[in-house]
Amino acid sequence: IGGVSVSPNGKSIVYPVTFFDKEKDRRFTDLYVQNIREGKARRITHTSANESSPVWTPDGRHIAYISEGQLYEITPDGANVRAVTKVKGGIRGFLYAPDMTKILLLKEVKLEKDVQDLHPDLPKATGRLIGSQFYRHWDHWVETYTHPFIVDYHPGIVISSPGKDIMEGEKWESPVRPFGGVEQLTWTKDSKSIIYTSRKKEGIEYARSTNSDLYKYDLINGKTQNLTEGMMGYDNNPVISPNGKLLAWGSMERDGYEADKIRIFIMELATGRKKDYSMNFDQNAEGIVWGNDTTLYFISDHKATDEIYRLDLNSGKIKKVTEGIHNYTSVQVADNGLLIATKQSMSRPTEIFRVDPETGNDTEISFVNKNLLSQLTMGKVEKHWVNTSDKKEMLTWIILPPHFDPNKKYPALLFCEGGPQSTVSQFWSYRWNFQMMAAKGYVVVAPNRRGLPGFGKEWLEQISGDYSGQNIKDYLSAIDYAAKLSYVAPESLGCVGASYGGYSVYYLAGHHEKRFKAFIAHDGMFDLNAQYYETEEMWFVDWDLGGAPWDKNNRTAQRSYANSPDKFVDKWDTPILVIHGQEDFRIDASQGMSAFNAARMRGIPAEYLYFPDENHWVLKCQNGILWQRTFFAWLDKWLKKNQ
């Protein structure tokens, strides 16, 4: 299930559902409409194309969506499909003005000259001439910039030109790379202004900064105003109050720190006065939506579950609405104040729920995965509190195999989280799926080690500049605790992880003191010195590693590089599977190749699963299946020898 859109009258929802076709190695996405009180969902699109990003038009008469790069409208009964745009090059996103006289279109703009522009007599030349620091990002080369365009809208008339570029000539983008979408822009209620998110820096300054700002563009006079000037961290995801007077958004305080606390800021648009409503709230606030003119709802992680919270502006108080072993991933307000939310857990993929905002009780209404789930037996998910080496308590999830037999001995896997500041909450993953691991006969140990949100600022920030410190000791505390459980075979322990989790695997390979019998590292950092020079987002390594390798007087940085996993390859003694994607520009594929080569040169059993067409994740259908088969074949080979 993808993003849910609630109709203007609050009575119906539209959402996309994605299916995968193994033989065709692709996904198919269709749209579904459903009354939130009663009635089954009905499919309103069923084509060979993919329909995405569905939202209701402001008048509630149509559902708008993107298909094959163009904007379409369809009536809620699935009839009367009509094209809204036929814009050359297609669009990335859209937002209707509240009065429906205009549409904001997101479109790629080419502002840099390529080699064909410079040398028109060389049309087949494939080289790139690079003169800027920020020349590639995440999984693509930076050759265009996403800009918002404003165009007049007349129902039934096809738009062939994107209209006016409100950032014309500016070599930065809105929304902000790599994951920003239309949630980073909004119309004011009077349809006279656009508020958008942008990081207006170039080259090395762009690569070293997380300082995005909110800008207000006035359609009448064409002027742009920076609403958050002087606020140095991420400012994004603006939402306007129902009466149009207040602007709320998520804000981080510090530049260069991607995992800073996400605060709730609210501005009076008429005066520009701003207030931080989460000064005494030591948690993140994500997915902010207005309930009414004095109430906000949002999602926040607390002790490894993501719950719905409510902020009352009059009192300034924040109250938790829901409680349980789950993750809410989004929330919206529907008819009569009811909430529509998406929820998942380690045992259930995302479904849509109707939530009572007073009691927190929820009722599932989508049931997309019901038939599949009815055929499966899930393992029990347990919450354990583990004593750490520095005498603190660490929440650790332990997932048991289905049909668990307490008299048996099971091999166990230590899961090392990435991020590094990503919570080990009740997430559902189609690749790092704990229930799949448990179903293969493994006990899964997933600790919320130091450096994760949901347990306060001190717990979160220990890891910055200290990758090899207390957080690594926390991993060892968790697996040592698990190894003593009566149903765990201590001689059959594995260690797996991706990204920072991959770094953790590489580091533990040189420090585990023979605890583990197998390792798997996916897209991990192996050589931190090379990582500093190879990655594209320099603010990440500047903050997390403490600075540059050449800064010999920087103790934090020098400690980081001294504790790079490649420094301890001489102590490697355990079979390792390395996985990496060529299109991962955050952690270059050379990191995985180097780690694999190091293991082989040391005479250690190793395999390298290389994907030439995947980025920091594995997204293609058959590649995902190959990933799972290789993952479990490796673990079974080394951890089930005596079974």
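Is D362 buried, partly exposed or exposed? I looked this up first, and D362 counts as partly exposed, at 26% relative accessibility. My cut-offs were under 20% relative accessible area for buried, over 50% for exposed and in between for partly exposed, with a 1.4 Å probe and protein chains only.

**Ground rules.** I am working with a predicted model, where local features need pLDDT of at least 70, side-chain atom pairs count only at pLDDT 80 or more, and totals for chains, interfaces and linings use all residues. Residues are numbered from 1 along each chain as its sequence is written, and side-chain values use heavy atoms, with hydrogens and water left out.

**Salt bridges.** I counted a salt bridge when a side-chain nitrogen of Lys or Arg was within 4 Å of a carboxyl oxygen of Asp or Glu. The structure has 29 of them.

Back to D362: its partner is K343, with the closest N and O atoms 2.8 Å apart. K343 sits in strand β28 (residues 339-345) and D362 in strand β30 (residues 362-364), so this pair ties together parts 19 residues apart in sequence. K343 is buried, at 15% relative accessible area. Helices here are DSSP runs of H or I with at least four residues, strands are runs of E with at least two, and both are numbered from the N terminus.

Next I checked D588 and R136, whose side chains form a salt bridge at 2.8 Å, N to O. D588 is in the loop between β37 (576-581) and α11 (589-601), while R136 is in strand β11 (residues 136-137), so the pair joins parts 452 residues apart in sequence. Both residues are buried.

R273 and E268 also pair up, again with 2.8 Å between the closest N and O atoms. R273 is exposed at 54%, and E268 is partly exposed at 31%. I also noted a salt-bridge network linking K110, D114 and D117.

**Cysteines.** I searched the whole structure for disulfides (two cysteine sulfur atoms within 2.5 Å) and found zero. For C416, the nearest cysteine sulfur is that of C495, 3.7 Å away, and C416 is in no disulfide. C416 is buried at 0% relative accessibility, and C621 is buried too, at 14%.

**A sheet.** I then traced an open sheet of four strands, in the order β5-β6-β7-β8, with antiparallel pairing. The edges are β5 (51-56) and β8 (82-83), each with a single partner strand, so one side of each has no neighbour in the sheet. Strands pair when DSSP finds at least two bridges between them; β5 and β6 (residues 63-67) have four. One entry to look up: V55 has A64 in β6 as its bridge partner.
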